[in-house]
Amino acid sequence: MQRAQIQQAERWVIKIGSSLLTDNGRGLDVAAIGAWASQIAVLRKRNIEVVLVSSGSVAEGMTRLGWQQRPSSVHELQAAAAIGQMGLVQAYEEAFGRFDLHAAQILVDHDDLSNRERYLNARATLKTLLSLGVIPIVNENDTVVTDEIRFGDNDTLAALVANLVEADVLVLLTDQDGLFSADPRHNKDAVLIDNVSADDTTLDAMVSGAGSLGRGGMVTKLRAARLAARSGTQTVIAGGAIENIIGKLAGGESLGTLLLADQQPQAARKRWLAGQLQRRGELVLDDGAVKVLKQSGRSLLPVGIQAVKGRFTRGDLVSCTDSSGNEIARGLANYNSQEAQKILRQPSDQIENLLGYKNEDEMIHRDNLVLVR
């Protein structure tokens, strides 16, 4: 039953690690990239949306520069990433082009996903690309980040992207077959874990720094699975070298380790909206808008707003109240308080005339809105 959830998944985030992408120190493994592109193309034929989080830019840059050893200087790492990103994107573009698929490069850092305004912008862009059938290729913007580039960062990034696009499943492809009860390289009795709750505390000892598994990146993968589980995303850790691994997972085969989320995606996201953010402003709604939100679960349009209180920016959490001051809902605003003042009580087709531009038709999209009971 647990594996059936993967079969039914309609939106995937797939992360491919550096160890799989590099060709024994000779840059990118173009053949392997082609194989994964072929498998993802099959998913697209089934109308499954895919976001790809890919490592490999530093390794490719080192090859292009003729460097034999990974540098310790942050600026040299960033230079290698900048150069290698060119080859990485070119390789994916050519691979997906063979299947008449378009790919798009998305470079982000953690601030992009923690700042609410940029979060909404990134979310809107990624969802637009997915609706167009494009494969977004996401990587950390290594050339501008101020923290040292560390192994495993893309595991966390993949989990944050899964939350961003409300993915059904996060697949972390690695050079190991999954999560084992002990390090299989040193313990012949180690057993591959088939499925377990991502929050199971017994997993911590299995991936602790005391064993080689920690150095193999399982610590960051477990952490990523737990981050993804907060938004209801199931995570699979599996061997990327397994033939047709993506297709087999999509077919429900018991490969790798399935780390289960305890919440369904929408319920978990609503809980996150309800409890994690500080409210910055207030929108007073008319009776019609209150009824629509309560009974229909639709988005909040500017036409239903009577008044705007407080100062807030795009992406801030705001309260939605009735004329008596009772909180009805809360959500992430698509327009700041000054813009909201200009478009309140107006139909959505007038937004561009009033502001000179239009971000969205809605003041708050239903995906970013939760009712307060």
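## Salt bridges

A salt bridge here is a side-chain nitrogen of Lys or Arg within 4 Å of a carboxyl oxygen of Asp or Glu. Lysine 358 and aspartate 361 meet that test, with N and O 2.7 Å apart. Keep in mind that this is a predicted model. Lysine 358 counts as partly exposed, at 38% relative accessibility, and aspartate 361 is partly exposed too, with a relative accessible area of 36%. The structure holds 14 salt bridges.

Another of these joins glutamate 49 to arginine 11, where the closest N and O atoms are 2.7 Å apart. Glutamate 49 sits in strand β2 and arginine 11 in strand β1 (residues 11-16), so you are looking at a link between distant parts of the chain, 38 residues apart. Both glutamate 49 and arginine 11 are buried.

Next, have a look at lysine 127 and aspartate 367, whose side chains form a salt bridge at 3.4 Å, N to O. Lysine 127 belongs to helix α7 and aspartate 367 to the loop between α16 and β13, so this pair ties together parts 240 residues apart in sequence. Lysine 127 is partly exposed at 22% relative accessibility, whereas aspartate 367 is buried at 15%. The two also belong to a network of salt bridges that links Arg123, Lys127, Glu166 and Asp367.

## The chain as a whole

Stepping back, the protein chain has 16 helices and 13 strands. Of its 373 residues, 52% count as buried. The chain exposes about 17200 Å², and carbon and sulfur atoms supply 46% of that area. Among contacts between residues at least 6 apart in sequence, 73% join residues at least 24 apart.

In soluble globular proteins, nonpolar side chains tend to be buried together. In this model the largest nonpolar core has 42 residues, and Val13, Val138 and Leu259 have the most contacts inside it. The elements that give two or more residues to this core are β2 (49-54), β3 (103-108), α7 (116-131), α8 (153-165), β5 (169-174) and α11 (218-229). Helix α8 provides the largest share, 7 residues.

Valine 138 is a handy place to start exploring: beyond its neighbours up to four places away in sequence, valine 138 touches Val51, Leu52, Val53, Ser54, Ile106, Val108, Leu126, Leu157 and Val161. A second, separate core of 37 residues includes Ala9, Ala37, Ala91 and Ile245.

## One aromatic pair

The structure holds 1 aromatic pair. Tyrosine 92 and phenylalanine 96 form this pair, which is stacked, with 6.2 Å centre to centre and 20° between the planes. Both residues lie in helix α5 (residues 74-97), 4 residues apart, or about one turn of the helix. Tyrosine 92 is buried, with a relative accessible area of 2%, and phenylalanine 96 is buried at 1%.

Glutamate 362 lies in the loop between α16 (351-355) and β13 (369-371). Glutamate 362 is buried yet has no salt bridge: arginine 366, the nearest side chain of opposite charge, is 6.9 Å away. Setting aside residues up to four places away in sequence, glutamate 362 touches Ser299, Leu300, Leu301, Asn334 and Tyr335.

Serine 337 is found in helix α15 (residues 337-343) and counts as buried at 8% relative accessibility. Serine 337 and threonine 313 are 24 residues apart in sequence and 6.4 Å apart in space, C-alpha to C-alpha.

Conventions: Residues are numbered from 1 along each chain as its sequence is written. This is a predicted model: local features need pLDDT of at least 70, side-chain atom pairs count only at pLDDT 80 or more; totals for chains, interfaces and linings use all residues. Side-chain values use heavy atoms; hydrogens and water are left out. Buried means under 20% relative accessible area, exposed over 50%, partly exposed in between (1.4 Å probe, protein chains only). Lys and Arg count as positive and Asp and Glu as negative; His and the chain ends are not counted. Contact means heavy atoms within 4.5 Å. Accessible areas come from the Shrake-Rupley method with a 1.4 Å probe; for residues, only the protein chains shown count as cover. Rings of Phe, Tyr and Trp (its six-membered ring) pair if their centres lie within 6.5 Å; planes under 30 degrees apart count as stacked, over 60 as edge-to-face and the rest as tilted. A nonpolar core is a set of buried Ala, Val, Leu, Ile, Met, Phe, Trp, Tyr and Cys residues joined through side-chain atoms within 4.5 Å.
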